[in-house]
Amino acid sequence: IVNFASVYRISLSAYVLYKNRINTSTLEYDSKLTDIANIIFSLIILVYMTTIDQTLVAGIVLSVFVLIFQMVMEKAQLGAITAGLSDLNEMRLSKFEYALLTVKMMEDFLDVDVQCNFVRH
């Protein structure tokens, strides 16, 4: 069972990395919590095993890499939003730039597609 779970996690993480589908949305907290729980569970199993299972170690390393990648990309995304909100606070944005910032924030925080046409407004 341990090998099947490890191989499944490794293949899923490798596929996500290969397809570049690591979601950096701030709404992905549940996947980060699941990744942390999986890493802790794998580490507990690894501690109590008499021999070191290489697939389990590879699964842990890959899960940690994906988690760190998600967190770094999310930090960059939140930094860009913070810079835009700072400019808004200091009243350095035009109406159009404010509208673009709002659409960008909506894209980052909403699950649905953002449909906004600046020509109509």
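Biologist: In which hand, left or right, does H2 cross H3?

Modeller: Please keep in mind that this is a predicted model. The two helices to look at are H2, which covers residues 29-48, and H3, and their axes come within 10 Å of each other. Where H2 passes H3, the crossing is left-handed.

Biologist: How are H2 and H3 oriented towards each other, roughly parallel or roughly antiparallel?

Modeller: The axes of H2 and H3 cross at roughly 155°. Angles over 145 degrees count as roughly antiparallel, and therefore H2 and H3 are roughly antiparallel.

Biologist: Into which classes do the residues of the contact of H2 with H3 divide?

Modeller: On the side of H2 the contact includes Ile36, Ile39, Leu43 and Lys32, while on the side of H3 it includes Leu56, Ile60, Leu67 and Glu74. Sorted by class, the residues of this contact divide into 12 nonpolar, four polar and three charged.

Biologist: What span does H3 reach from its first C-alpha to its last?

Modeller: H3 runs over residues 54-89, and it has 36 residues. At 1.5 Å a residue the expected span is 52 Å, and the model comes close to that, since H3 reaches 52 Å.

Biologist: How are H3 and H4 oriented towards each other, roughly parallel or roughly antiparallel?

Modeller: H4 covers residues 95-109, and its axis comes within 11 Å of the axis of H3, with a crossing at roughly 150°. The crossing of H3 and H4 is left-handed. Angles over 145 degrees count as roughly antiparallel, so H3 and H4 are roughly antiparallel.

Biologist: Which residues of H4 make the contact with H3?

Modeller: From H3, the contact is made by Gln77, Leu78, Ile81, Gly84, Leu85 and Leu88. The residues of this contact divide into eight nonpolar, two polar and one charged. Those that H4 brings to it are Tyr98, Leu101, Met105, Asp108 and Phe109.

Biologist: Which residues of H4 are buried?

Modeller: Buried residues are found in H3, including Gln77, Ile81 and Gly84. The buried residues of H4, for their part, pack against H3. In H4 the buried residues are Ala99, Leu101, Val103 and Asp108.

How values were computed. Residues are numbered from 1 along each chain as its sequence is written. This is a predicted model: local features need pLDDT of at least 70, side-chain atom pairs count only at pLDDT 80 or more; totals for chains, interfaces and linings use all residues. Side-chain values use heavy atoms; hydrogens and water are left out. Axes are lines fitted to C-alpha atoms, for helices over the stretch in contact, and angles run from 0 to 180 degrees between N-to-C directions. Helices (H or I, at least four residues) and strands (E, at least two) are DSSP runs, numbered from the N terminus. Angles under 35 degrees count as roughly parallel, over 145 as roughly antiparallel, 65 to 115 as roughly perpendicular and the rest as oblique. A crossing is left-handed if the near helix is turned anticlockwise from the far one by less than a right angle, and right-handed if clockwise. Contact means heavy atoms within 4.5 Å. Ala, Val, Leu, Ile, Met, Phe, Trp, Tyr, Cys and Pro count as nonpolar, Asp, Glu, Lys and Arg as charged, and the others, Gly among them, as polar. Buried means under 20% relative accessible area, exposed over 50%, partly exposed in between (1.4 Å probe, protein chains only). The expected span of a helix is 1.5 Å times one less than its number of residues.
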